[in-house]
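Q: I'm new to this one. Can you walk me through the structure?

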Amino acid sequence: MALSKGNSDGSGRRICYVNDFETSYLADAQQFLETIVHPAIHSNNEQRQASICVVGRSMGGAIATRLCQTCPHLLDRCVAMVPMYSHKNVFDVAGLLDLELPIGVARAFANAMTGIGLGKAKADGRDTDASVPTAELLSHSEERMGAWNEMRKSNPSLVLAGASFGWVQAAFRFEQTVMTNAHTIQTPMLLFQAENDSFVYNSAHDEFLARANAHHEKHKELVRLVGPVKDSNHEILMEIHEIRHPIIRVISEFAALGSNVDPPFPDSIQSSLEAIPVVQKGVEEEDCRWPSGHHSGVRPPSLPMPLILRGSAKARKGLDALIKGVFFALVVQYGLSTFRKR
């Protein structure tokens, strides 16, 4: 962790920094399984009876996936909740506008900043003040979001100042490794997508799914996609009861199956999965980047895109309309000038 000035209550002082996901996060997870989990479920050298299922969310989902690739002998099943196979690169502009950068631009920028010695400098930081309720689109549950904001307020030192350029660089490198090795997956996996995710790209989940399942002859589907879960934001397990409850039920049933179940997704799991409301691919799914001023794009943009406009709702709506108007005017002007040249 690198330090910044932060707020008077102690929040926003720490900047998230890591040099390499493999030698830090992944190594820690593997060591935990080897030294804590496995010894706990073995007794007197008896054969292991308990089922080990790793559940990871967002960045943890990517780490759980990598565990399946590097040490499949340590776990029986895996659940990746909205895994970070490709994160959204959003930069705060003067506290008024969040700008989403194309992946190539964001990667080049992070590499350049890290290359000149600014790897521990803050790349982005939103909602860094613990005394102010988060503006992030995490969940539709007012009760759980209220508890989340109260937790932030009660523990201000836990609220980070944002990610560093070094973290962004390491994240890109790790995501590429996970995707490149998708074909090595041998562990039955559930992969959950959210319909309105402001943190990761669903298109990366689709790509990973296709790569992972393409190399299995016995089981055509070793990785099962669940979603996009209808009306869900990034924090699926913090969502309203109608979304959250059937998902927790599926995870519990799936985790208890163990590794010797054939097929990996029996009828009992399929029945429970049908209770989860999902968006049909190619039917309802849209790549809209301005629903109510917020971002729900499922794939990276080709050009920088303005996202969450800050300030009051009225000001946000006004700025949103202004940006759209300017963009429309530029398109019209370009069209007219092209027509006149002819």
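A: One term to begin with: buried means under 20% relative accessible area, exposed over 50%, and partly exposed in between, with a 1.4 Å probe and protein chains only. By that rule, buried residues make up 46% of the 342 residues in the protein chain.

Q: What kind of model is it, and how are residues numbered?
A: It is a predicted model, where local features need pLDDT of at least 70, side-chain atom pairs count only at pLDDT 80 or more, and totals for chains, interfaces and linings use all residues. Numbering runs from 1 along each chain as its sequence is written, and side-chain values use heavy atoms, with hydrogens and water left out.

Q: How many helices and strands are in the protein chain?
A: Nine helices and 11 strands. These are DSSP runs numbered from the N terminus: helices are H or I with at least four residues, strands are E with at least two.

Q: What share of the contacts is between residues 24 or more positions apart?
A: Of the contacts with a separation of 6 or more, 73%. Contact means heavy atoms within 4.5 Å.

Q: And the accessible surface, what does it come to?
A: About 17,400 Å² for the protein chain. Carbon and sulfur atoms hold 56% of it. Such areas come from the Shrake-Rupley method with a 1.4 Å probe; for residues, only the protein chains shown count as cover.

Q: Now the inside. Which residues touch the most other members in the largest nonpolar core?
A: Y85, W167, M189, F192, F208 and I247, out of 69 residues in that core. Helix α5 (residues 165-180) gives the most to this core, with nine residues. A nonpolar core is a set of buried Ala, Val, Leu, Ile, Met, Phe, Trp, Tyr and Cys residues joined through side-chain atoms within 4.5 Å.

Q: Take F208. What does F208 touch?
A: Leaving out residues up to four places away in sequence, F208 touches T65, Q69, Y85, V178, M179, A182, I185, M189 and L191.

Q: Where does F265 sit, then?
A: In the loop between α7 (241-255) and α8.

Q: Is F265 buried or exposed?
A: Buried, because its relative accessibility is 8%. Beyond neighbours within four places in sequence, F265 contacts M189, L190, E221, L222, V223, R224 and F254.

Q: What about α8 itself?
A: Helix α8 spans residues 267-273 and holds S272. S272 counts as buried because its relative accessibility is 6%. Its contacts, not counting residues up to four places away in sequence, are R249, V250 and E253.

Q: Switching topic. How many salt bridges are there?
A: Six. The rule asks for a side-chain nitrogen of Lys or Arg within 4 Å of a carboxyl oxygen of Asp or Glu.

Q: Which residue pairs with D20?
A: R173, with the closest N and O atoms 3.7 Å apart. That pair links distant parts of the chain: D20 is in the loop between β2 (14-16) and α1, R173 is in helix α5, and they are 153 residues apart.

Q: Which residue does R66 bridge to?
A: E22, at 2.7 Å between the closest N and O atoms. R66 is in helix α2 and E22 in helix α1, 44 residues apart. R66 counts as buried because its relative accessibility is 11%. E22, at 26%, counts as partly exposed.

Q: And R211 with E207, where do they lie?
A: Both lie in helix α6, four residues apart, about one turn of the helix.

Q: Which residues in α1 are buried?
A: S24, L26, A29, L33, V37 and H38. Their cover includes β3 (53-57) and α2 (59-70).

Q: Last one: where is A214?
A: In the loop between α6 (202-213) and β10 (223-229). A214 is exposed, because its relative accessible area is 58%.
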